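Reader: Hi! I'd like to talk through this structure with you. Could you show it first?

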Number of protein chains: 2
Amino acid sequence: MKATRQRVAVREALDRAGAFRTAQALHDEMKTAGEAVGLTTVYRTLQALADAGEVDVLRTADGEAIYRRCATGDHHHHLVCRSCGASVEVSSDEVERWAAATAELHGFSDVEHTAELYGTCRGCS
Amino acid sequence: MKATRQRVAVREALDRAGAFRTAQALHDEMKTAGEAVGLTTVYRTLQALADAGEVDVLRTADGEAIYRRCATGDHHHHLVCRSCGASVEVSSDEVERWAAATAELHGFSDVEHTAELYGTCRGCS
DNA sequence: AGCGGTTTTGACAATCGTTTTCATCTAGCC
DNA sequence: GGCTAGATGAAAACGATTGTCAAAACCGCT
């Protein structure tokens, strides 16, 4: 994947945000920051980054995709602030064990799981 | 809420399915079953049922809403088959404890959580 | 520096799930 | 049986996301 100005800009914007953002929010923030990039390109780049495992994708309650550049590429979950998007990366053996045990108990294979916490962070409350 | 033919039909279709369904899939199944109801009404009814806590709503990976009439109104999670929508309702004190503890540790308030397992059920594999 | 071929970009149109609108219909009550 | 608030549904509107395609940027080569 070529390192174009636009792709670098998207990555920087994600880092600057340091939180979950929708593609459109990111696009707006980039425009404000003077790094204008087409909305289509933002979508494409985010998807490419997601496919490459460089960003995590979640869905808000109303189905919008939100993206975040995470510190680790390893499997983890998130504690996300509903109001500002700030998030903490958390891992939990308990959850992993629960997922594996439950899947086996009911004879399901190829099991993946999602486990995210949504709340209000200290700063926003 | 008035008990109209349409609302009864939606509820019956959900029960008949016994699994997670999109609004459109449900609409198709109802048409096939000869209980034609407008798509708009299916959407409205599902939303009303969801608001009333009578059905659970999840989001597929691509953002579509899927609905299921659950046996219990109590808080629980799901083990869902990606291919046929069949699902098992599961609860887990472990997950609840983990969610509460993690939220408190990071000073988040008003925390809700989602925790769903997606796999392939015995019948589909 | 200039060239040619491939990749990327971005304005715009198209898609698709979902919601709104609004005129018509119906359930439930007198 | 008639009234009326609430319910229906066809069609239009909506909003996030994806496809299209011509123009622009990039790369390796001379």
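Author: Happy to. It is a predicted model, and chain A has four helices and six strands.

Reader: Nice. In what order do the elements of chain A run from the N terminus on?

Author: The order is α-β-α-α-β-β-β-β-α-β. As for dimensions, the C-alpha trace of chain A spans about 55 × 40 × 25 Å along its principal axes.

Reader: On to the pair, then. How many residues of chain A are in contact with chain B?

Author: On chain A, 37 residues are in contact with 38 residues of chain B. The two chains bury about 3,100 Å² between them, with 62% of that on carbon and sulfur atoms.

Reader: Which three residues supply more of the area that chain A buries than any other three?

Author: Those are Trp98(A), Phe108(A) and Leu117(A), which supply 24% of the area that chain A buries against chain B.

Reader: And the polar side of things? How many salt bridges are found across the interface?

Author: The rule finds two salt bridges between chain A and chain B. One of them pairs Arg82(A) with Glu112(B), and their closest N and O atoms are 3.7 Å apart.

Reader: Good to know. Which elements of chain A give two or more residues to that side?

Author: They are β4 (77-81), β5 (87-90), α4 (93-105) and β6 (109-120) of chain A. The largest share comes from β6(A), with twelve residues. By type, the residues of chain A on that side divide into 17 nonpolar, twelve polar and eight charged.

Reader: Tell me about β6(A). Which strand of chain B is joined to it, and is the pairing parallel or antiparallel?

Author: Strand β6(B), residues 109-120, is joined to β6(A) by nine bridges, and the two run antiparallel. Within that pairing, Glu112(A) stands opposite Tyr118(B), while Tyr118(A) stands opposite Glu112(B). Glu112(B) is also the residue that forms the salt bridge with Arg82(A).

Reader: Last topic: the open sheet of three strands in chain B. What is its order?

Author: The order is β1-β3-β2, with antiparallel pairing. At the edges stand β1 (21-22) and β2 (55-59) of chain B, each with a single partner strand, so one side of each is left without a neighbour in the sheet.

Reader: And how many bridges join β1(B) to β3(B)?

Author: Two bridges join β1(B) to β3(B), which covers residues 65-69. In that pairing, Arg21(B) stands opposite Tyr67(B).

Notes: Residues numbered from 1 in each chain as written. Chains lettered and ligands numbered in written order. Predicted model: local features only at pLDDT ≥ 70, side-chain atom pairs only at ≥ 80, totals over all residues. Heavy atoms only, no water. Contact = heavy atoms within 4.5 Å. Buried area = accessible area lost by both parts, 1.4 Å probe. Salt bridge = Lys/Arg side-chain N within 4 Å of Asp/Glu carboxyl O. Nonpolar A, V, L, I, M, F, W, Y, C, P; charged D, E, K, R; others polar. Pairing = 2+ DSSP bridges.
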